[in-house]
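Try each task before you read the solution.

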Amino acid sequence: MLKVENLKSNSCFLIASNERTKEREECITIAVLSNFGRVLIYLLLVLLFFSCKSEPKKVIKTEPIAFNKEGELTVFKSKTDSIIANLNIEIADSEYETQTGLMYRQSMEHTQGMLFIFSDVAMHSFYMKNTEFPLDLIFIKEDMSIASFHENAQPLDESSLTSQVPVQYVLEVNSGLVSTWGLQVGDSVAYKKL
């Protein structure tokens with residue numbers, strides 16, 4: 001009888017011991033996972049801290065866009081046919097060139113201008129988005145006579161500047177030249193490509 005009771009108590013001890021071992025293993029697993037979780041959280045916090053480190057903004061310096069003489073343009077007084085001005089011009093006749101024009105440039109000499117040549121005679125509108133200096137815009141008809149102009153278009157202004165009548169050409173020059181030249185509707189221009 002004693003042997004059976006010892007055996008029973010030993011097996012109960014073994015069963016109890018196995019249950020405690022499982023509980024211990026579960027506790028150890030939970031502790032390990034808990035510690036791993038803490039380490040992971042600390043690691044994420046450290047990464048977050050260093051990724052949020054404030055760095056000075058990088059300034060991207062672009063090369064200035066140089067004037068590229070592609071033609072010459074003469075402005076004539078309508079009544080006397082006398083020459084008002086001679087300009088070296090860049091010509092904008094592709095879709096990309098007519099869309100960008102004088103954008104991203106800081107200045108232009110008074111003897112320079114940009115002539116926009118459109119394939120159609122239509123109402124054309126311009127704005128000064130990304131254009132960094134003031135301009136006078138001269139709208140020119142198909143027969144090369146001046147139809148209208150806008151003086152002193154302000155840098156970076158996105159207001160629409162329309163030709164008011166159908167035109168095929170637009171000449172952009174430095175602000176103030178329309179006034180200096182005494183330009184009038186009906187005066188004319190002639191240009192040649194180089």
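**Exercise 1.** Which residues are linked with Glu72 in a network of salt bridges?

*Solution.* Before starting, note that this is a predicted model, where local features need pLDDT of at least 70, side-chain atom pairs count only at pLDDT 80 or more, and totals for chains, interfaces and linings use all residues. Residues are numbered from 1 along each chain as its sequence is written, and side-chain values use heavy atoms, with hydrogens and water left out.

Step 1: recall the criterion, a side-chain nitrogen of Lys or Arg within 4 Å of a carboxyl oxygen of Asp or Glu. Step 2: find the network, in which Glu72 is joined by Lys69 and Lys192. Step 3: check the Lys192 and Glu72 pair, whose closest N and O atoms are 3.7 Å apart. This pair links distant parts of the chain, with Lys192 in strand β9 (residues 188-193) and Glu72 in strand β1 (residues 71-76), 120 residues apart. Helices (H or I, at least four residues) and strands (E, at least two) are DSSP runs, numbered from the N terminus.

**Exercise 2.** Which residue meets Lys193 in a salt bridge?

*Solution.* Step 1: the partner is Asp93, at 3.4 Å, N to O. Lys193 lies in strand β9 and Asp93 in the loop between β2 and α2, so the pair ties together parts that are 100 residues apart in sequence. For the whole structure, a search finds 5 salt bridges.

**Exercise 3.** Where is Ser175, and which side chain makes a polar contact with its side chain?

*Solution.* Step 1: locate Ser175 in the loop between β8 (167-174) and α3 (177-181). Step 2: list its contacts (heavy atoms within 4.5 Å). Leaving aside neighbours within four places in sequence, Ser175 touches Pro134, Leu135, Asp136 and Asn152. Step 3: pick out the polar contact, which joins the side chains of Ser175 and Asn152 at 2.8 Å. Such a contact is a pair of N or O atoms within 3.5 Å; within protein, one must be able to donate a hydrogen and the other to accept it, and residues adjacent in sequence count only if both atoms are side-chain atoms.

**Exercise 4.** How many helices and strands does the protein chain have?

*Solution.* Step 1: the count comes to 3 helices and 9 strands. Step 2: read along the sequence, they follow the pattern α-β-β-α-β-β-β-β-β-β-α-β. Step 3: for burial, 30% of the 194 residues are buried.

Methods: Buried means under 20% relative accessible area, exposed over 50%, partly exposed in between (1.4 Å probe, protein chains only).
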